[in-house]
Amino acid sequence: MHYLKSLFANFLTVFFSDHILSGIEVTNHTKLPHIGGDLILALALGLLNSLICPLLQLSRTEVSALKIALVALILNFAAYGLVKLLPIGVNVTSVEGYISASAIVAIGSFLTNFFEMKRQSSTKMEP
């Protein structure tokens, strides 16, 4: 259940940052039942961002806030770089849009993964 909350929070962060921030243009606005590129991007990037903490734990390394932050920054800057190159219905139109969208989504990803790390460490300490 905690993973679904993290996935939903990351999805909303990506979706709203794509629609609200200047420098990001959604060329294919979604109208249900039509699913556009913005929903697909938000779901894919939200899924990747919500998997940061579980994947770091599977790698058997110590999970720290710094590692979560670095992975989130690298992942989101790379993802928005690919968005700039691929025509998926979301266009990055300026450097400011690229930096602001990547940074805001990375911050949202860091927060959800950090709280997940804290929740898991507190459940391990309880008898």
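Predicted model: local features only at pLDDT ≥ 70, side-chain atom pairs only at ≥ 80, totals over all residues.
If you follow the chain from the N terminus, the elements come in the order α-β-α-α-α-β-α. The radius of gyration is 15 Å, close to the 14 Å that the globule rule gives for 127 residues, so the chain is as compact as a globular protein of that length. Taken along the principal axes, the box that the C-alpha atoms fill is roughly 50 × 30 × 20 Å.

As for contacts with a separation of 6 or more, 75% of them are between residues 24 or more positions apart.

Now to the helices, and I will take α1 to start with. This helix covers residues 2-20, which makes 19 residues, and from its first C-alpha to its last it reaches 27 Å, close to the 27 Å expected at 1.5 Å a residue. The buried residues of α1 are Ser 6, Leu 7, Asn 10, Phe 11, Val 14, Phe 15, Ser 17 and Asp 18. Because they cover an arc of only 165° around the axis, they lie on the same side of α1. On the other side of this helix we find Leu 4, Lys 5, Phe 8 and Ile 20, which are exposed. As background to this pattern, an α-helix has 3.6 residues a turn, so residues three or four places apart point the same way.

Helix α4 can be read in a similar manner. It has 21 residues and reaches 30 Å between its first and last C-alpha, close to the 30 Å expected at 1.5 Å a residue. Buried here are Ile 68, Ala 72, Asn 76, Ala 79, Tyr 80 and Val 83, and since their arc around the axis is only 90°, they sit on the same side of α4. The face turned away from that buried side carries Leu 66, Ile 74, Lys 84 and Leu 85, which are exposed.

Which residues touch the most other members of the largest nonpolar core? In this core of 16 residues, they are Val 14, Ile 24, Leu 45 and Tyr 80. The elements that each give two or more residues to this core are α1, α2 (37-50), α4 (65-85), β2 (90-92) and α5, and the largest share, four residues, comes from α2. Apart from this core lies another one, of eight residues, including Leu 56, Val 63, Ile 68 and Ala 72. Coming back to Ile 24, and not counting residues up to four places away in sequence, its contacts are Asp 18, Tyr 80, Val 90, Asn 91, Val 92, Thr 93, Gly 97 and Ala 101.

Leaving out residues up to four places away in sequence, Ser 109 touches Asn 10, Asn 49, Ile 52, Ala 72 and Asn 76. Gln 120 also has its place in α5, which spans residues 95-125, and Gln 120 counts as buried because its relative accessibility is 17%, where the cut-off is under 20%. With the same exclusion of sequence neighbours up to four places away, Gln 120 touches Cys 53 and Gln 57.

I would like to finish with two residues in loops.

Ile 88, finally, lies in the loop between α4 and β2, and at 32% relative accessibility Ile 88 counts as partly exposed. Leaving aside neighbours within four places in sequence, Ile 88 is in contact with Gly 37, Leu 41 and Val 83. Between the C-alpha atoms of Ile 88 and Leu 58, which are 30 residues apart along the chain, the separation is 31 Å.

Technical notes
Residues numbered from 1 in each chain as written. Heavy atoms only, no water. Buried < 20%, exposed > 50% of the residue type's maximum accessible area, 1.4 Å probe, protein only. Contact = heavy atoms within 4.5 Å. Expected span 1.5 Å × (residues − 1). Arc of directions from axis to C-beta. Core = buried A, V, L, I, M, F, W, Y, C linked by side-chain atoms within 4.5 Å. Rg over C-alpha atoms; globule rule 2.2 N^0.38 Å.
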